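I opened the model to note what its side chains do, working from single residues out to the overall fold. My entries follow in the order in which I looked things up.

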Amino acid sequence: GSTAVNIRNPYFTTATNDAGAANNVPVIDLGALSVALYNSLGLCPNSADYTSNSKVGQFFCQDHTHFELAGAKQIAQVIAKALKDQGIGLGAYVLN
């Protein structure tokens, strides 16, 4: 199966990276990290099955943008790991 993910608006990623560079602040590339997570979980290509019995439905709300509780926890873990991995100061407060 395909592991491609359709990123509908790459402008957000570019604008975020540009703002970080312009203001000399670190940026977590959540676009790339979330795509890697989605692919590792087999969420791509999207089955469009948002029932609670499907992988997609357990991760995303029906809008395929917002997360169900399980998806939100996994995205939070990705962010926490990135904070630590990138040596961002806030990472010192992440417990696990």
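**Entry 1: the salt bridge**

I began with aspartate 85 and lysine 81, which both lie in helix H4, 4 residues apart, about one turn of the helix; helices here (H or I, at least four residues) and strands (E, at least two) are DSSP runs, numbered from the N terminus. Aspartate 85 forms a salt bridge with lysine 81, and the closest N and O atoms are 2.5 Å apart; the term stands for a side-chain nitrogen of Lys or Arg within 4 Å of a carboxyl oxygen of Asp or Glu. The structure holds 1 salt bridge. I noted aspartate 85 as exposed because its relative accessibility is 55%, where buried means under 20% relative accessible area, exposed over 50% and partly exposed in between (1.4 Å probe, protein chains only).

**Entry 2: what I am reading**

This is a predicted model, in which local features need pLDDT of at least 70 and side-chain atom pairs count only at pLDDT 80 or more, while totals for chains, interfaces and linings use all residues. Residues are numbered from 1 along each chain as its sequence is written, and side-chain values use heavy atoms, with hydrogens and water left out. The protein averages a pLDDT (the predictor's confidence in each residue, from 0 to 100) of 85, and 89% of the residues score at least 70.

**Entry 3: fold**

I counted 4 helices and 0 strands, which gives the pattern α-α-α-α along the sequence. Of the 96 residues in the protein, 22% are buried. Taking contact as heavy atoms within 4.5 Å, I found that residues 24 or more positions apart account for 34% of the contacts with a separation of 6 or more.

**Entry 4: two serines**

Which backbone oxygen lies 2.7 Å from a polar atom of the side chain of serine 34? It is that of leucine 30; serine 34 is found in helix H2 and counts as buried because its relative accessibility is 9%. Serine 54 sits in the loop between helix H2 (30-40) and helix H3 (55-59), and at 8% relative accessibility serine 54 also counts as buried. A polar atom of the side chain of serine 54 lies 2.3 Å from the backbone oxygen of aspartate 49.

**Entry 5: core and cysteines**

The largest nonpolar core has 9 residues, namely Leu37, Tyr38, Leu43, Cys44, Val56, Phe59, Phe60, Ile75 and Val78; such a core is a set of buried Ala, Val, Leu, Ile, Met, Phe, Trp, Tyr and Cys residues joined through side-chain atoms within 4.5 Å. H2, H3 and H4 each supply at least two residues of this core. Leaving aside residues up to four places away in sequence, phenylalanine 60 touches Tyr38, Leu43, Tyr50, Thr65, His66, Phe67 and Glu68.

I then searched the whole structure for disulfides (pairs of cysteine sulfur atoms within 2.5 Å) and found 0. Cysteine 44 is buried, with a relative accessible area of 15%, whereas cysteine 61 is partly exposed at 23%.

**Entry 6: the loop between H3 and H4**

Aspartate 63 lies in this loop and counts as partly exposed because its relative accessibility is 39%. The C-alpha atoms of aspartate 63 and alanine 48, 15 residues apart along the chain, are separated by 9.8 Å.

Methods:
A polar contact is a pair of N or O atoms within 3.5 Å; within protein, one must be able to donate a hydrogen and the other to accept it, and residues adjacent in sequence count only if both atoms are side-chain atoms.
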